[in-house]
Amino acid sequence: MADSSNPLAGLDPEQASVVTAPAGPLCVLAGAGTGKTRAITHRIAHRVRTGHVRGQHVLAVTFTARAAAEMRARLGQLGAGGVQARTFHAAALRQVRYFAPRLFSGREMPELLDSKARLVGLAATRAGVKIDGTGARDLAGEIEWAKSSLIEPADYAVAAAKALREPPFDAAKVGEVYAAYERVKRAQGVIDFEDMIRAAIWAMEEHEDVAEQIRSQYRHFVVDEYQDVNPMQQRLLESWLGDREDLTVVGDASQTIYSFTGASASYLVDFKRRHPGATVVRLVRDYRSTPQVVGLANTVIGQARGELARLRLELIGQRPPGAEPVMRSFPDEPQEAAAVAARCRELIAGGTPAEEIAVLFRVNAQSEVYQEALAEAGVPYVVRGAERFFERVEVRQAMIALRAATRSLDPDAPLTESVTRALEGVGWRAGEVPTGGAARERWEAVSALVTLAESMPALTLEAFNEELARRAALQHVPTVAGVTCASLHSAKGLEWDAVFLVGLAEGTMPVIHARTPDAVEEERRLLYVGVTRARHTLWLSYAGARTPGGRPRRATRFMPALEPGRSYEPGRRASSPGIGKTEVTARVKRAVAVSCRVCGAGLLSGPERKLGRCEGCPSDRDEELLARLLDWRARLAAVQKVPAFVIFTDVTLAAIAERRPGRREELAVIAGIGPRKLGLYGDDVLALVSGTTVDDLVRSD
């Protein structure tokens, strides 16, 4: 439990800077796993305990009820009573309900819609647009984007074009449905969530007495996940603030992954410009993941381009070293899924709780093959943030169509042909990927059935239907404590001991409809979020084809080339994951060969390639030199105030003590010593190898 008597206890220097920063605008750029919630709750508690603010005058807002509850719990442990920690929606709803008689002519607040779908369907009919449930969801998403972006119906078409949106229908028609939706809503006397936030803004902008009362109540503001605010939420925040500037915002531009909903990291990027006197603190010490995972995360995001890349943070892992991330390739998706399931089973047998393992994918349609593989392997799982594959409406409809087709189609026709013809009867068309998120998700889910059929060409349509029924039944395995199957978007804010990032092939990561540079960069950030979910075990994989013998694919452009034996050490931006001897694939065979300098055997593991010999071969290491290298590293780490392994790992120092390089060129060939570290430490290391003592080296510095 936190030390409520001293809010500064146990904080690192950067976290302490957040806590003690002066009143006024404060921007905390906080990388994944750097303890941002700890820092901001301790800041609030410190200000309350020192008498600078009263708890009831503080409003902390975030985006999920879970995050708000965690904040309240921590503040309670720190003795900061009275502080309000809520989501944007919950805070606005509370205020609108309280002031409803003044805002709605003496009436209570109108009924709040749980879902737009029904009214959007009615509005579409009145606008002459024929839609189904999927179309209603996509139109509702477009309306939510427009309203959150403060765009009126008449301006939708132009705004959508400027934003490079891909609306599910003609943009002018979407604008008409949007306008009709607003009319239907008013006629029925209800409001949606965006109306509710707009009412909270209007309450303060148009009612001076309401603004005065709210601003006298809340005088100090903290906004978590600031990179995810949309224009409407930003305007609400500005209304709360008035002309005051006691505002703390916390965010990470590299975790901006919700632009499609209207979220904009521009407010985080421009914070210093809008608040010229703002204090900026960077949190970069990662307490969640091993240095190897952190190094890979740095490698992925280090290639980012565009405006948001200006605020990227290079994390420094604080945990003890762990296993290298593993990247594997497989001939096809079923083999990839089977290998993932087998490894999950091994981890569970080895003591890792099933609930501490996650399989993360880009789109929900990918989940079916992993659910099937986990079920076949007897591994319990839970599906987060999505319906179970066989419970999706479009999948149930497709299976009904396939069963009906056994009575009308030629029983001797090839299976794929029969399946394709049957699914065309429910509106699916091969290669015709629709626009709109929900429609695309539906198309991909049905496409997964076609892909499955392509992998079973010997089956009849009747036998294929029996196989689908069997697979649907297999889905019902114990799910109380199971491996999490989730999309990368729904994994945001979570973490696990072991994470499997799967399906990392071009066309899926980045997803095929990411056509603009900004969209591709968001896909890169999405992969970065996935990598930073892992505490110590990270598996990355892709399949060379969706089905056996299918069209070949290549690995995502976001990952470094697959080359065994390269460490993801902090500070190395061009490194690649180590691959163990039991994890060699066809691609590894094409990597540059390294042989043991003692016995001549091929070397595959990272430590062996660094040492230049097999682990079991005799060592000719200079123990006295190794001792001096360790002493030098410890002193340098103390001066730089970084963990020792950030300078060089133990294995790298051992390799130096074995190889005893005499020139920079010889030093540079040791894995773990790139151009940056060669420039920083090369002269010192060569001096130590030549016999210089650490004391002499320190004195000369």
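Helix α5 covers residues 117-126 and packs against α6 at an angle of about 95°, with the two axes 9 Å apart. Axes here are lines fitted to C-alpha atoms, for helices over the stretch in contact, and angles run from 0 to 180 degrees between N-to-C directions. Helices (H or I, at least four residues) and strands (E, at least two) are DSSP runs, numbered from the N terminus.

Before going on, a word on the model. It is a predicted one, where local features need pLDDT of at least 70 and side-chain atom pairs count only at pLDDT 80 or more, while totals for chains, interfaces and linings use all residues. Residues are numbered from 1 along each chain as its sequence is written, and side-chain values use heavy atoms, with hydrogens and water left out.

Back to the helix pair. On the α5 side, A117, V120 and A124 meet A136, L139, A140 and I143 of α6, a contact meaning heavy atoms within 4.5 Å. Sorted by class, that contact has seven nonpolar residues, no polar ones and no charged ones. For the classes, Ala, Val, Leu, Ile, Met, Phe, Trp, Tyr, Cys and Pro count as nonpolar, Asp, Glu, Lys and Arg as charged, and the others, Gly among them, as polar. G133 belongs to α6, which spans residues 133-148. The C-alpha atom of G133 is 9.9 Å from that of V120, and the two residues are 13 apart along the chain. G133 counts as partly exposed at 43% relative accessibility; buried means under 20% relative accessible area, exposed over 50%, and partly exposed in between (1.4 Å probe, protein chains only).

Zooming out, the protein chain has 29 helices and 16 strands. Of its 701 residues, 57% are buried. Among contacts in the chain with a separation of 6 or more, 75% come from residues 24 or more positions apart.

Now for the sheet. Six strands form an open sheet with parallel pairing, in the order β11-β16-β15-β12-β14-β13; two strands pair if DSSP finds at least two bridges between them. At the edges sit β11 (326-330) and β13 (381-384), each pairing on one side only. From one strand to the next, the twist averages 20°. Inside the sheet, β12 (residues 357-361) and β14 (residues 483-487) pair in the parallel sense over four bridges, and L360 stands opposite A486 in β14. Helix α15 (residues 333-349) lies across β11, β12, β14, β15 (496-501) and β16 (534-543), and runs at about 160° to β16.

On to charges. A search of the whole structure turns up 38 salt bridges, each being a side-chain nitrogen of Lys or Arg within 4 Å of a carboxyl oxygen of Asp or Glu. Here are a few of the pairs:

| Pair | Closest N and O atoms |
|---|---|
| R235 and E205 | 2.9 Å |
| R535 and E356 | 2.6 Å |
| R621 and E623 | 3.1 Å |

R535 is buried, with a relative accessible area of 17%. R235 is in helix α11 (residues 231-241) and E205 in helix α9 (residues 193-206), so that pair ties together parts 30 residues apart in sequence. R235 counts as partly exposed at 35% relative accessibility, and E205 counts as partly exposed at 40%. As for the remaining pair in the table, R621 is partly exposed at 30% and E623 is partly exposed at 47%. There is also a network of salt bridges linking K147, E182, K185, D192 and D195.

Most residues other than glycine have a negative phi, and most peptide bonds are trans. L150, in the loop between α6 and α7 (156-162), has a positive phi near 65° and is partly exposed, with a relative accessible area of 31%. L164 has a positive phi of about 60° although it is not a glycine. L164 is in the loop between α7 and α8 (171-188) and counts as exposed at 59% relative accessibility. A cis peptide bond joins M509 and P510, with omega about 0°, and P510 lies in the loop between β15 and α21 (517-531).
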